[in-house]
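Visitor: Could you walk me through this model before I set anything up with it? I'd like to start with the loops and then move on to sheets, helices and cavities.

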Amino acid sequence: FPFPYTPYRIQEQFMEALYGALEAGRVGIFESPTGTGKSLSLICGALSWLRDLEEKKRQEEARLLEGLSPAEPGHAGSTDTAGEPDWVTAFVQRKEERDKVDRLKEEQIRRKKREDRLEKIRNNVHLKYAAKRKRSEEEETKRLLQLSKEALSQGAGADVLDQLDHNEEELILAEYESDEEKEVVSGLEEDDDDLEEEHVTKIYYCSRTHSQLSQFVREVQKSPFGKDTRLVSLGSRQNLCVNEEVRRLGALQLINDRCMEMQKNKHEKKSDEENEGKKRRVSRAVCPFYSYEQMQFLRDEVLVEVKDIEQLVSLGRETKACPYYGSRYAIPAAQLVVLPYQMLLHEPTRSAAGIKLKDQIVIIDEAHNLIDTITCIHSAEVSGSQLCCAHSQLSQYMERYRKRLKAKNLMYIKQILYLLERFVAMLGGNVNQNPGCQTVSQTGTVLKSINDFLFQSQIDNINLFKVQRYCEKSLISRKLFGFVEQYGGSATAVKNNKENQKLAGLQNFLLTLQQGSDKEGTPQSPAVEAENDQLRAASPLMQIEGFLSALTNANQDGRVILNRQGTVGQSSLKFLLLNPAVHFAKVVEECRAVIIAGGTMQPVADFREQLLSCAGVDPARVLEFSCGHVIPPENILPIILCNGPSNQQLEFTYQRRDLPQMMDETGRILCNLCNVIPGGVVCFFPSYEYEKQVYAHWEKTGLLTRLATKKKIFQEPKKANQVEQVLVEYAKCIKRCSQAGGQMTGALLLSVVGGKMSEGINFSDDLGRCVIMVGMPYPNIKSPELQEKMAWLDKSMPRAAGQAPSRVLIENLCMKAVNQSIGRAIRHQRDFASILLLDHRYARPAIFNKLPQWIRERTQVKPAFGSAFAELRKFHRGKLDAL
């Protein structure tokens with residue numbers, strides 16, 4: 001390449017910077033554009049450092065065990081700072097050295113056992129077949145025992161201890177002993193202490209989605225470290241569960257609750273077996289995959305060979321072991337743990353998974369939306385329909401089983417019912433009436449601090465921490481969902497007494513709660529449809545538990561938003577987290593080093609100020625690194641266009657963008673460009689509404705017909721399941737046009753910033769020879785959430801370069817979206833594309849400097865369309881001739 005940095009040199013620089021950050025224990029913000037092998041660089045740099053660290057530790061151990069400790073013993077006659085005699089000091093030092101040597105010997109023994117065990121499994125194939133044969137024999141034995149039990153139980157008569165049948169028995173809440181109850185064992189049986197292992201120094205690698213993690217694991221498998229790296233992939237039960245009965249529940253919260261309940265049933269079954277003299281109740285379902293021996297075998301299999309999520313699930317089915325818990329047991333001995341960053345950033349989830357961050361390394365990839373992710377994880381919203389529905393379900397559950405519930409359970413259920421009543425009252429409604437029929441007198445959005453909300457709703461006297469803990473430990477949402485499933489499904493499932501006849505109408509009442517806002521002639525919005533789908537899939541109490549948990553945040557870190565719409569059912573309560581740093585601080589404090597990496601991280605001021613500064617990170621500990629792109633300078637042509645073909649100034653502000661002349665000017669620009677640009681052109685609009693408005697205007701004026709003579713026009717769909725189909729058709733059209741020749745030269749894709757195609761989609765080669773950005777996609781400044789965030793920043797953060805923090809936030813949100821969108825075109829080192837920014841405001845220094853460096857240093861500002869068009873035609877003709 002005709003510039004000093006080859007792709008290999010860029011990777012080398014990246015790894016050197018990463019190695020230095022890990023060695024010094026820094027918090028790094030790393031930017032590496034697509035094509036530079038970012039994932040490979042992260043793997044090689046981090047694992048190289050880990051190898052060196054392990055080697056240093058082993059050398060240090062050898063020196064200590066040989067009696068060559070680097071620490072000099074205390075000299076005779078000296079005293080320490082406390083004035084102790086020299087013999088006491090010497091004794092203490094010798095004891096510390098002996099203890100350290102003993103610990104090192106224990107570590108060596110454990111490490112040697114683990115390595116021998118894994119090596120044995122790796123090399124001895126017969127072990128696997130023996131274990132598989134043994135499992136088959138055990139399953140056959142269990143099946144025969146079950147058949148004999150069923151045969152013996154025939155004719156024995158029904159158990160008359162209780163008048164409740166088997167299904168109802170499972171709906172009763174377990175006795176809640178006290179407020180200071182013991183912690184529930186997180187997935188381990190009482191006699192499974194030997195599974196506990198000391199955590200070795202490891203790397204936690206996080207990304208957004210399971211598909212990105214699987215891609216990363218495949219990179220590890222192909223790397224030089226793939227053969228002997230102990231890697232474990234973590235995921236949710238929804239991705240890892242192999243019990244089909246549980247998987248059929250669908251909703252993640254239902255799967256979680258059902259899994260926890262089956263574990264609890266296993267412990268209760270074990271306790272019942274020990275008390276042989278007592279008459280046992282009806283047996284409850286336990287998970288056949290939750291077995292200590294099977295999961296121990298799966299743990300070792302995971303550590304022997306690098307596996308992604310799909311391979312882990314297949315292994316779990318084959319070995320009849322739970323991949324969810326088996327992978328968690330492998331964490332202590334693993335060198336590289338791969339997981340979605342939602343799991344690492346949410347402290348309760350992190351704790352439940354057994355993740356310990358003390359002195360470990362965390363690498364967060366694809367971190368451009370890290371702040372938004374933390375905010376979303378710790379925010380929660382509940383609708384009036386959900387509140388009324390939960391109140392109805394819970395009150396009927398309490399009436400049904402009042403005589404069977406212990407006092408503590410009744411007390412907490414009544415507290416939850418009271419909370420639901422007060423929440424609905426804050427929305428201006430009554431829980432005993434249909435929320436879809438209750439009109440709200442004062443509509444609008446009101447923001448309150450947490451304390452003000454608690455006082456005004458008259459729930460400040462309730463300990464929300466205890467209520468939240470009760471919901472978690474008692475699995476009340478799962479019991480309630482089972483209750484609704486049983487009595488909400490059909491009236492024939494309920495016995496014909498007066499009490500159960502009331503319950504038989506529960507389904508109809510719940511349906512009216514869900515459909516109350518869907519009046520005849522009023523089509524529902526996609527958001528309402530999605531909410532109703534969620535209501536049908538899970539108990540609304542699950543959503544409410546999340547809202548109660550959010551209310552336990554500190555008063556200054558969040559706000560409660562009361563969104564009162566036409567009816568109580570359409571209204572909602574939302575908790576908005578303002579300070580994401582409060583949840584990120586513990587990660588930064590505990591870890592040895594944290595690397596925040598991404599292809600496009602600009603502007604990075606948000607990460608420094610909102611995330612790291614507010615988390616108390618010393619600025620000296622923060623390291624920023626940005627490497628160049630692998631493409632040569634002549635392979636990209638970014639242009640800021642200030643005026644259109646008719647000399648109309650391009651300024652797509654909210655006040656001007658709807659003008660007919662602005663939409664006409666945009667159409668003229670596209671018509672001219674489509675005449676000279678081959679292949680695919682991707683045009684991004686600020687919103688779906690504006691894209692639809694411009695499309696309708698072009699259709700009306702005939703400009704769409706002119707465009708269609710050169711490029712077939714595609715529009716980005718709103719529904720995610722239609723995106724793949726549109727992309728396939730778009731790619732087929734471009735390929736067909738390039739092969740056939742003729743007047744049609746390719747396709748034009750009208751997309752939306754922040755939509756399905758602005759992130760994670762590769763418009764490489766002919767799929768994206770030009771990316772056009774229409775206007776500046778500023779967020780809706782009238783949004784109450786954004787206004788509150790801006791006000792909080794102005795109070796909490798200092799002014800930067802004469803700008804208010806709120807103004808900086810708006811610009812940064814806009815430019816992050818722009819940078820993600822325009823980076824869709826350049827995807828590898830031989831790719832080329834032009835980038836056109838249609839708005840004169842991009843030329844302002846404050847905005848211009850927030851473009852990625854590799855784009856900024858090659859950008860031309862063109863006041864007139866003629867010169868810009870000439871540059872674009874020359875660029876694309878030159879590239880076509882070279883091809």
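**Loops, sheets and cavities**

Guide: The loop between α11 (309-319) and α12 is the place of K320. Please keep in mind throughout that this is a predicted model.

Visitor: What is phi of K320 near?

Guide: Phi of K320 is near 55°, which is a positive value in a residue other than glycine.

Visitor: Okay, another loop then. Which residues does a cis peptide bond join?

Guide: The cis peptide bond joins Q602 and P603, with omega at about -10°. P603 lies in the loop between β10 and α26, and Q602 is likewise found in the loop between β10 (593-598) and α26 (605-613).

Visitor: And what is Q602 in contact with, leaving aside its neighbours within four places in sequence?

Guide: With those neighbours set aside, Q602 is in contact with E31, K816, N819, K850, L851 and P852. For one of these, L851, the separation from Q602 is 249 residues in sequence, while the C-alpha to C-alpha distance in space is 6.7 Å.

Visitor: Let's switch to sheets. In what order do the seven strands of the open sheet come?

Guide: The order is β3-β4-β2-β5-β10-β1-β11, and the pairing in this open sheet is parallel. The edges are taken by β3 (231-233) and β11 (622-626), each of which has a single partner strand, so one side of each is left without a neighbour in the sheet. On average, and with direction ignored, neighbouring strands here are turned by 15° against each other.

Visitor: How many bridges join β2 to β4?

Guide: Five bridges join strand β2 (residues 203-207) to strand β4 (residues 336-340), and the two run parallel. Within that pair, S207 stands opposite P340 in β4.

Visitor: Which helices go with that sheet?

Guide: Helix α6 (residues 210-222) lies across β2, β3 and β4, and runs at about 160° to β4. Helix α25 (residues 581-590) also packs on the sheet, where it touches β1 (27-31), β5 (361-364) and β10, and its direction makes about 120° with that of β10.

Visitor: Now the sheet with four strands: is the pairing parallel or antiparallel?

Guide: The pairing is antiparallel in that open sheet, whose strand order is β6-β9-β8-β7. Its edge strands are β6 (380-383) and β7 (444-449), each pairing on one side only, and the twist averages 20° from one strand to the next.

Visitor: How many bridges does β6 have to β9?

Guide: Four bridges join β6 to strand β9 (residues 572-577), and these strands run antiparallel. There, E381 stands opposite K574 in β9.

Visitor: On to helix packing. At what angle do α31 and α32 pack?

Guide: Helix α31 (residues 784-796) and helix α32 (residues 805-822) pack at an angle of about 130°, and their axes are 7 Å apart. That angle makes α31 oblique to α32.

Visitor: Which residues meet there?

Guide: From α31 there are L786, K789, M790, L793 and D794, and they meet P805, S806, L809, I810 and L813 in α32. Sorted by class, the contact of α31 with α32 has seven nonpolar, one polar and two charged residues.

Visitor: What classes make up the lining of the largest cavity?

Guide: By class, the lining of the largest cavity has twelve nonpolar, two polar and two charged residues.

Visitor: And the second largest cavity, which residues line that?

Guide: About 100 Å³ of space lies in the second largest cavity, and the residues that line the second largest cavity are D606, E609, Q610, L793, M797, P798, A800, P805, V808, L809 and N812. Both α26 and α32 supply at least two residues of this lining, with the largest share, four residues, coming from α32. The lining of the second largest cavity divides into seven nonpolar, two polar and two charged residues.

Technical notes
Residues are numbered from 1 along each chain as its sequence is written. This is a predicted model: local features need pLDDT of at least 70, side-chain atom pairs count only at pLDDT 80 or more; totals for chains, interfaces and linings use all residues. Side-chain values use heavy atoms; hydrogens and water are left out. Axes are lines fitted to C-alpha atoms, for helices over the stretch in contact, and angles run from 0 to 180 degrees between N-to-C directions. Angles under 35 degrees count as roughly parallel, over 145 as roughly antiparallel, 65 to 115 as roughly perpendicular and the rest as oblique. Contact means heavy atoms within 4.5 Å. Ala, Val, Leu, Ile, Met, Phe, Trp, Tyr, Cys and Pro count as nonpolar, Asp, Glu, Lys and Arg as charged, and the others, Gly among them, as polar. On a 1 Å grid over the protein atoms alone, a cavity is a set of points where a 1.4 Å probe fits but cannot get out, and a pocket is an open set with protein on both sides within 12 Å along at least five of seven lines; lining residues have an atom within 4 Å of a point. Grid points are joined across faces, edges and corners, and a volume is the space filled by probe spheres set on the points. Two strands pair if DSSP finds at least two bridges between them.
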